[in-house]
Amino acid sequence: AAGAEPGPAGGAAAAPSPPGEDGETRQRYEELCRSLNMDERARAEAWLSYQSMRRNYTLEGNDMHWLACALYVACRKAVPTVSRGTAEGNYVSLTRILRCSDQSLIEFFNKMKKWEDMANLPSQFRERTERLERNFTVSAVIFKKYEPIFQDIFRYPQEDQPRQQRGRKQRRQPCTVTEVFHFCWVLFVHAKGNFPMISDDLVNSYHLLLCALDLVYGNALQCPNRKELLNPNFKGLPEDFHSKDYKVSSDPPCIIEKLCSLHYGLVLEAKGIKEHFWKPYIRKLFDKKLLKGKDENLTGFLDPGNFGDSVKAINKAYEEYVLSVGNLDERIFLGEDADEEIGTLTRCLNTPSGMETAERVQVKHNLQQHFDRSKSLRITTPLTGRKYIKESNPYVTPVSIATYSLSRLHTMLAGLKNAPSENLEQILRSCSRDPSQSIANRVKEMHEVYCQSTQSEGEFSNFSKDVASKHFRRAEMLYYKVLESVIEQERKRLGDTDLSAILEQDVFHRSLLACCLEIITFTYNPPGNFPFITEIFDIPVYHFYKVIEVFIRAEDGLCREVVKHLNHIEEQILESMAWKRESVLWDRIRENENKVPTCEEVMPPQYFERSAGNSVVGSPLTPRRINEVRAESGGLGK
């Protein structure tokens, strides 16, 4: 096996196992299955799959970690139910599989990708795993924001008074800060999981978290022990909160605007999430008796008589959801062993500033080494030109970047409508063949295709449809704005030439609208939808690549992150996608007598660089690219 080709798992074809090794591994595997109460079907299927992989590949590392991957795959397959039909999965928790196999979540994701390749798993399963990883990544970022925001609103958990474990007679004790901290997070992740298009969306997930904090804060204000819960220095407290004459308002105040101003949120987005999704969802929890209190104003669940039942009901409902869909139990972030279970540094709430243990310092050191090594491995290629892009501010967070990008998008679309402006309508009518109707029909058809392709199932399926439609309408606004700019530029270049022939090019319009839609989805939900966005509209990436150039020349209001994203798409197309067998690029080359232009033929002389040997070398930066990389905190250089 020494000379065998390496397999997808990073090893070579496997040699026979040493005597007794299979027996020991099987024994440990059986113990793992017993601890998980695994059903016989999944147990047998996972073991057979593991044996097959081991015969063909060298499975490096802990055997139990590979077997955990096999078990997860077996658990997620459809199984018969007592009633008619089948259920997706056998209700075994991924978190329990990882805990019992002593594997961190990050290790699992790394091994799972290799297992999917070795087992040649279908794309649907791979997409589910990718979505699971994206959900985890979003939650990890959100949790790091959750802790400081919670500490801003509430007292430190270290200030909680020691308390004996609740018994039946002690059940009605007032809730503590630590209990509120845990409850608020579970309420958030339960809501997040029920909105499929929010679960891996950083911006909307962040605003959903602000809604959860707003609700819990409003309930805390009405608690008898509110002064034991709330931070006396929180800037959102009522003006008379510290007065002896303070009276509780019948309706809790909304602090969404205050939280957005203090913690980089977008007020309109957060209020939209609260009114249209969060509040209806919370009302359903009250209707189902999962939250106990006053359903007319969504309060009372922190009161001593209601809190215990509410905590128990929400945790149970969340557990059922996690088991039914096979998702990660995101309460993992609250555990004392979160660092080990996740595989990276996550917690800071219970570690006072300046009092870090040697182990935590070592974890930080290891993480920093990993980041430094990753940065040193970034190669500046002729495509990237990354040496021209300034380093980001080290204090900028993923949430602040996402919310800033979204605020820039709002500014860019302010005052626009999802229809041609009067000026654009006049320009289109002035063409010898008015393309207005064909443009409108194309937009309508693409809207229907997009909404159908992003539909999800379940109780909140309407949310998916609403969000998809909302994203498309904003893409329409951007499309008409950029189209008008492109036409104006062409008129300046060509004079009074009739533009009918140009404006009748279907692939141009489809590519431009798809590019606008990719920018919208990326801004709301990094890393965007490419190449999915080209696949659903059947747009060759060759044409999509060409429209990026046109787009950036016409629109100078794009923020730095969007420009980098478009740059990355260009790189993907140039590096591999444009050269696939079915690419229309080959047709263009054949039409040009199998010749391709040299860089000297397509670039102005001023953009060439001289190498050490004085030979002319084409710069990786086209005129547009030079403008692009000068972009700083927003628009392109003029």
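Across the whole structure, which is a predicted model, a search finds 32 aromatic pairs. This tour visits two of these pairs and then turns to charges over rings.

Begin by selecting Phe183 and Phe301. Their rings form a tilted aromatic pair, with 5.5 Å from centre to centre and 45 degrees between the planes. Colouring by sequence position will show that this pair links distant parts of the chain, as the two residues are 118 residues apart. Phe183 belongs to helix α7 (residues 177-194), whereas Phe301 lies in the loop between α12 (267-287) and α13 (304-325). With a surface displayed, note that both Phe183 and Phe301 are buried.

How accessible is Phe286, in terms of relative accessible area? The value for Phe286 is 4%, and the residue is buried because the cut-off for that class is under 20%. Phe301, at 0% relative accessibility, likewise counts as buried.

Next, select Trp66 together with Lys111. Lys111 lies over the face of Trp66, at 5.3 Å from the ring centre.

For the last stop, move to Phe241 and display Lys227 with it. Over the ring of Phe241 sits the charged end of Lys227, 5.9 Å from the ring's centre.

Technical notes. Residues are numbered from 1 along each chain as its sequence is written. This is a predicted model: local features need pLDDT of at least 70, side-chain atom pairs count only at pLDDT 80 or more; totals for chains, interfaces and linings use all residues. Side-chain values use heavy atoms; hydrogens and water are left out. Rings of Phe, Tyr and Trp (its six-membered ring) pair if their centres lie within 6.5 Å; planes under 30 degrees apart count as stacked, over 60 as edge-to-face and the rest as tilted. Helices (H or I, at least four residues) and strands (E, at least two) are DSSP runs, numbered from the N terminus. Buried means under 20% relative accessible area, exposed over 50%, partly exposed in between (1.4 Å probe, protein chains only). A charge sits over a ring if NZ of Lys or CZ of Arg is within 6 Å of the ring centre and within 35 degrees of the ring normal.
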